[in-house]
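This report covers nonpolar cores and salt bridges. The sequence and structure come first.

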Amino acid sequence: MAGEGWLVFMAAVSGCWIHHTLGISCPIGRFGDTCSYSCHCTPTCNQTTGVCSGACDPGWFGGNGQTCQKGNVAFNKTATSSITNYAKDSWTADKVVDGNRDQYVSGNSCFHSTFNQRAMWTVDLGQQYRIHDVRIYNRVGHIERIRTAVLSLSNSSSPTPGVNCYTFPSDTAKTNNSVYDVPCGGTGRYFTITHSTVLNLCEVEIYVCSPGVFGDSCTQFCHCLQATCDPVSGVCPGYCRPGWQGERCDTACSSGSYGQSCSNSCTDRKCAGDSPCDHVRGTCVSGCEPGWMGEDCREACSSGSYGQSCSNSCTDRKCAGDSPCDHVRGTCVSGCEPGWMGEDCREACTNGSYGQNCSHSCIDRKCAGDSPCDHIRGTCVSGCKPGSMDEDCREACDINHYGANCDKTCASRHCVGNSSCSATGNCDRGCDTGWAQADCTEDARCVQPAGYNANQLAVAVVLVFVAGDVVGAIVSAVIWRRRNRCLHKTSESRPTTVSLVPTEPPQASDDVGPETRPYDSLNAVSYDAKMKGEPYCTVKSGQTNAKTDATVLTSCDVSDSIAAGTYETLDNTSRGTDGEYSEIGKVK
């Protein structure tokens with residue numbers, strides 16, 4: 001019993017360890033490392049150890065702190081006898097499997113065959129069993145009725161006994177309670193007891209171990225991979241489940257190994273921290289080291305991922321160039337892009353730094369004004385202070401340049417003497433004559449008066465031109481009025497009529513004939529005669545002659561001045577008399 005208790009204890013400890021480590025929870029009525037064992041007690045057994053806190057179910061044994069894994073497969077099964085019952089009909093064959101262990105025939109709890117005839121009793125177990133052992137409750141005080149009895153197993157229901165599995169010796173010792181535990185190794189569905197003269201059986205219990213359990217008391221657990229072990233020997237027909245070894249698969253992997261056939265080494269795992277190594281799965285209870293995954297942390301991160309729990313993506317890195325991605329740290333072997341840092345270049349530069357490897361300080365920039373500092377380039381969005389250049393204004397101008405962004409040349413200045421060229425380009429001793437500003441680059445002759453700007457100057461120029469146009473218009477109006485007065489006086493003294501004649505080609509000659517003369521325009525005002533004795537008049541108005549279809553001009557004044565001179569038009573132009581003229585008739 002001490003040995004059986006130790007086996008139960010070891011099974012319980014193993015189950016507890018596995019369930020605690022792996023977090024397995026079995027359904028009601030099942031227990032064990034893979035929930036492959038059955039409970040046979042009420043209330044149900046512990047899901048981890050299988051231990052029953054109460055009594056076993058009817059037909060099962062080993063409760064109250066044990067696992068109830070030994071069962072009586074003959075309980076309440078069909079029993080028969082080919083021999084007539086002795087004396088009373090109540091001493092029938094089924095009394096042997098009704099669960100009543102009372103051994104007094106007067107209580108009608110036993111089977112009793114007739115005397116002096118070959119007796120046979122058989123029970124149908126309902127299916128084939130690998131029988132473990134048998135317990136027989138004989139009638140008290142009648143040892144002779146069990147001596148020489150033969151036990152046999154068969155897979156046929158014929159009355160012929162099958163294979164013998166045990167025979168009681170003729171000198172079987174008498175026991176205090178007439179209870180006999182005998183082995184019956186074999187497989188069969190029909191179990192038979194025969195005797196040469198008489199049988200007086202009160203109860204027969206045929207024991208088998210629950211699947212996955214073996215041993216005399218069914219307290220040893222086997223862990224076969226594909227089929228249950230032999231309930232007597234415990235030998236597995238194939239491989240063991242992971243974490244177990246031996247022909248009966250009842251021995252856990254030795255310390256430091258685990259898994260199928262105990263072939264995995266605990267030292268090969270990549271557990272985070274000091275994780276125990278259960279012999280079944282080798283689970284890393286504290287998780288995996290960066291770059292590893294799986295229950296036992298033996299599998300490297302898949303392609304494209306790395307780090308703790310393989311949760312980082314290689315595409316999220318900011319590596320400089322085409323860097324490989326190792327599954328552990330994702331190291332950028334070629335360094336980081338500007339603005340990023342860390343082994344895997346996923347962390348932006350902290351406040352106050354930027355650029356390659358975050359090696360530049362924002363306070364070292366020479367920005368004009370208060371410029372923000374982005375972590376990649378540190379760009380001075382407001383430009384550089386004088387004497388600095390580049391995007392982040394950290395580079396000083398060379399000796400030949402100065403100013404903001406170094407866009408001015410020292411040689412373009414007009415300084416007095418040999419002046420140094422600082423960041424601002426200021427001349428040490430002033431400017432050469434005719435030049436201004438601190439760096440002497442502005443021609444003083446082109447400098448606008450103080451207080452004026454380009455817009456004001458443009459407005460002033462426009463006003464000058466407008467004033468000129470107004471004055472010109474006024475002068476033109478005065479001249480026109482004076483000439484108009486003169487013409488008015490002439491028209492009052494000599495009204496005439498002038499008719500238009502068809503236009504003739506212009507003449508280039510200076511002489512004008514006494515007949516019809518061409519003139520510049522019908523709009524002519526105060527035409528003066530080119531030759532004496534041939535006065536011409538100013539056209540005032542015209543009418544059409546119905547006979548000749550020519551226009552007749554009336555109110556034509558002949559100028560008193562016959563002297564040769566210029567001809568004027570209403571558009572204030574004048575031309576010589578030797579020019580070309582349009583058609584105009586002479587004074588009639």
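## Terms and model

A residue is called buried under 20% relative accessible area, exposed over 50%, and partly exposed in between, using a 1.4 Å probe and protein chains only. The model is predicted: local features need pLDDT of at least 70, side-chain atom pairs count only at pLDDT 80 or more, and totals for chains, interfaces and linings use all residues. Residues are numbered from 1 along each chain as its sequence is written, and side-chain values use heavy atoms, with hydrogens and water left out.

## Nonpolar cores

A nonpolar core is a set of buried Ala, Val, Leu, Ile, Met, Phe, Trp, Tyr and Cys residues joined through side-chain atoms within 4.5 Å. The largest such core has 33 residues, and the members touching the most others are Trp121, Val134, Phe191, Ile193, Val204 and Ile206. At least two residues of this core come from each of β6 (119-138), β7 (150-154), β9 (179-195) and β10 (201-209). The most, eight residues, come from β6. Strands are DSSP runs of E of at least two residues, numbered from the N terminus.

Contact means heavy atoms within 4.5 Å. Beyond its neighbours within four places in sequence, isoleucine 193 is in contact with residues including Met120, Trp121, Ile136, Leu151, Leu201 and Val204. A second, separate core has twelve residues, among them Cys41, Cys45, Cys209 and Val213. In soluble globular proteins, nonpolar side chains tend to be buried together.

A salt bridge is counted where a side-chain nitrogen of Lys or Arg lies within 4 Å of a carboxyl oxygen of Asp or Glu. The count by this rule is twelve. In one of them, aspartate 124 pairs with arginine 189 at 2.8 Å, N to O. Aspartate 124 belongs to strand β6 and arginine 189 to strand β9, so this pair ties together parts 65 residues apart in sequence. Arginine 189 is partly exposed, at 29% relative accessible area.

Another salt bridge joins arginine 135 and aspartate 181, with the closest N and O atoms 2.5 Å apart. Here too the residues lie in β6 and β9 respectively, so the pair ties together parts 46 residues apart in sequence. Arginine 135 is partly exposed at 26%, and aspartate 181 is partly exposed at 45%.

## A salt bridge between loops

Glutamate 295 and arginine 281 form a salt bridge at 3.8 Å, N to O. Glutamate 295 is in the loop between β17 (292-293) and β18 (299-300), while arginine 281 is in the loop between β16 (264-265) and β17, 14 residues apart. Glutamate 295 is partly exposed at 41% relative accessibility, as is arginine 281 at 32%.

Key. Helices (H or I, at least four residues) and strands (E, at least two) are DSSP runs, numbered from the N terminus.
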